[in-house]
Amino acid sequence: MTYFRATDPFPLESADHTKLHEFYTRLAAGRLATTRCAGCRRLAWPPRAFCGECGADRFDWVDLSGEGTVHAFTVQETGLPAGFQGPRVFAIVKIDGLRVFSILVDADPAKVAIGSAVRLSPLRVADDPGGSARWLPAFRLA
Amino acid sequence: MRKVALVGAGVSRFGVRKASYRDLIWEAGKACFDSVPAVKPKDVEGLVVGSVMPERTAFQSHISSLAAEALGIRPSALSARTEHMCASGTVGIRYAYAFIAAGLADLVMVLGVEKLNQPAGEEAILNMGTGVDREWEASFGLTAPPCFALAAQRHMAQYGTTEEQLARIGVKNHTHASKNPNAHFQKGATLAQVLGSRMISSPLRLFMCSPITDGAAAVLIASEDRARSLTDKPVWIRGTAQALDGFQLTSLHEDYAHWPALARAAQSAYRMAGVTARDVNVAEVHDCFAIAELIAYEELGFCGKGEGGPFAAQGRSDYGGDVVVNPRGGLIGCGHPLGATGVAQAAEVYAQLRGEAGARQAPDAAIGLTHNNSGMGEHVVMIYGRDAG
């Protein structure tokens, strides 16, 4: 046995594990979605099952455009956690007026700039312990 | 509220330590008790322990009781652990302050401890990912360096801040650490070394970053009457404040070089202490990365917004300047054993305001400040005074 057992770094995305499972279902189909509060109609990012503004716990799912621009970014070369490799482009993406934290996959760091156009590129990561596929909302240069 | 003061302080050696979690508690506790011989463990009524991730690094919970037993403390008024990521130590000091000010205790130890280094280095970095949001941030491999790199990129674009100005902070803090026998790094650093060190997350290079460090620190905090009976030179807690902008990166101010929560915490603490930024002689600020110290100059009011780069380059945050910042070497030079950092900052200000900091002494230090943060949007500021105020 190895000395340490890394904890699972990815969220449990299925309906058995999270109220936000619809986000991941849509993501697997190539759609970026978030929640709109059924009480005060506030659009949230990331999606949430309780509204910190009005206190409601009812919400509707809304598809976002999937296309945005780079608001800020950095390239991490070294010092990444176990299981992750550099160089890795972390970015804040502006999309439909929201700020979304993500990574840019398959991006040449020299070609990334503030204002670069990006589009959703769902990233499949390790299956969950039950064998279900899992996805993260990653982006790539458009 | 009653007046409250530090009456003792001690720090373990910081570094990649051949020591267990409990060894570090023993070292800091011993150093703290040695600093005030009139206090024995049985005299201490309360213990607060700042520690972030012993569940991961030592497979251990139930921390305050473990530490109390290790040190022979039998809490009768307060026993608690504080976890607030990198600010856990100072958050613990605030708990002790509040209990004593309210009359619920007269003598409390606050101890911070972390054993971050593991046999496998990549595990230590993996563990640091517990400090950001697992579902929306850490799942992408995010840890602290890219967060602060975003702030640095923005500051450079908006204010013309240069890599060399950031590097000056690395040089200063490594140089200060060379005069601190407890610091992780002892060799100092030149500008060429800092600028030539490897890139971690653009534009932050290795010598502009705090390392993964093991260590512990402890302070003893007392009510006014108890303080005066224990020492001729108590160091008074004059102001304390905490403010938060948000937890996730996307909840913070859209301009990542602008940290309004730090400005709010500073103004609250100054107001409570009856001082201004100009009165601060010595400051221990949270330089987890060089950009954090640079932005702290601005938000704490040591210089105007956007002027942090020149402020560093002109030596205004060093001996002979406006305010001596991070005389012990900061997080960059001493290392950053999370829960221990805020307590070690307080221990340095304790030594400085008593005139006992030796080669690191800031001249005639009467007002000291500590700034401890957990991410870019959560800040704690303490003001200490040589006089009770």
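## Salt bridges

Arg81(B) and Glu55(B) form a salt bridge through their side chains, with N and O 2.7 Å apart; the term covers a side-chain nitrogen of Lys or Arg within 4 Å of a carboxyl oxygen of Asp or Glu. This pair links distant parts of the chain, since Arg81(B) lies in strand E3 of chain B and Glu55(B) in helix H2 (residues 54-57) of chain B, 26 residues apart. Helices (H or I, at least four residues) and strands (E, at least two) are DSSP runs numbered from the N terminus. Arg81(B) is partly exposed at 27% relative accessible area, and Glu55(B) is partly exposed at 33%. Here buried means under 20% relative accessible area, exposed over 50%, and partly exposed in between, with a 1.4 Å probe and protein chains only.

The model is predicted: local features need pLDDT of at least 70 and side-chain atom pairs pLDDT 80 or more, while totals for chains, interfaces and linings use all residues. Residues are numbered from 1 along each chain as its sequence is written, chains are lettered from A and ligands numbered from 1 in the order in which they are written, and side-chain values use heavy atoms, with hydrogens and water left out.

## Further charged pairs

Over all chains the structure holds 29 salt bridges. In one of them, Glu348(B) meets Arg360(B), with the closest N and O atoms 2.8 Å apart. Glu348(B) sits in helix H14 (residues 338-353) of chain B and Arg360(B) in the loop between H14 and strand E11 (367-373) of chain B, so that this pair, 12 residues apart, also links distant parts of the chain. Both Glu348(B) and Arg360(B) are buried.

Another salt bridge joins Arg354(B) to Glu356(B), the closest N and O atoms being 3.0 Å apart. Arg354(B) counts as buried at 13% relative accessibility, whereas Glu356(B) is partly exposed at 44%. In chain A, Glu22(A), Arg26(A), Arg31(A) and Asp63(A) belong to one network of salt bridges that share partners.

## Sheet in chain B

Chain B has an open sheet of 10 strands with mixed pairing, in the order E3-E2-E4-E7-E1-E8-E12-E11-E9-E10. Its edge strands are E3 (78-82) and E10 (324-325), each of which pairs on one side only. Two strands count as paired if DSSP finds at least two bridges between them.

Strands E2 (residues 46-50) and E4 (residues 107-114) of chain B pair in the parallel sense over five bridges. Leu47(B) has Met109(B) as its bridge partner in E4(B).

## Aromatic pairs

There are 12 aromatic pairs over all chains. Rings of Phe, Tyr and Trp (its six-membered ring) pair if their centres lie within 6.5 Å; planes under 30 degrees apart count as stacked, over 60 as edge-to-face and the rest as tilted. Phe23(A) and Tyr24(A) form an edge-to-face pair, 5.0 Å centre to centre and with 90 degrees between the planes. Phe23(A) is buried at 0% relative accessible area, and Tyr24(A) is buried at 4%. Phe23(A), Tyr24(A), Trp45(A) and Trp136(B) form one aromatic cluster.

## Cavities

The model has three cavities of 30 Å³ or more. A cavity is a set of points, on a 1 Å grid over the protein atoms alone, where a 1.4 Å probe fits but cannot get out; lining residues have an atom within 4 Å of a point. Grid points are joined across faces, edges and corners, and a volume is the space filled by probe spheres set on the points.

The largest cavity holds about 50 Å³. Its lining consists of Trp45(A), Pro46(A), Phe101(A), Trp136(B), Glu137(B), Gln248(B) and Thr250(B). These residues divide into four nonpolar, two polar and one charged, where Ala, Val, Leu, Ile, Met, Phe, Trp, Tyr, Cys and Pro count as nonpolar, Asp, Glu, Lys and Arg as charged, and the others, Gly among them, as polar.

Note on methods
1 Å grid on protein atoms, 1.4 Å probe; cavity = no way out; pocket = protein on both sides within 12 Å on 5 of 7 lines; lining within 4 Å.
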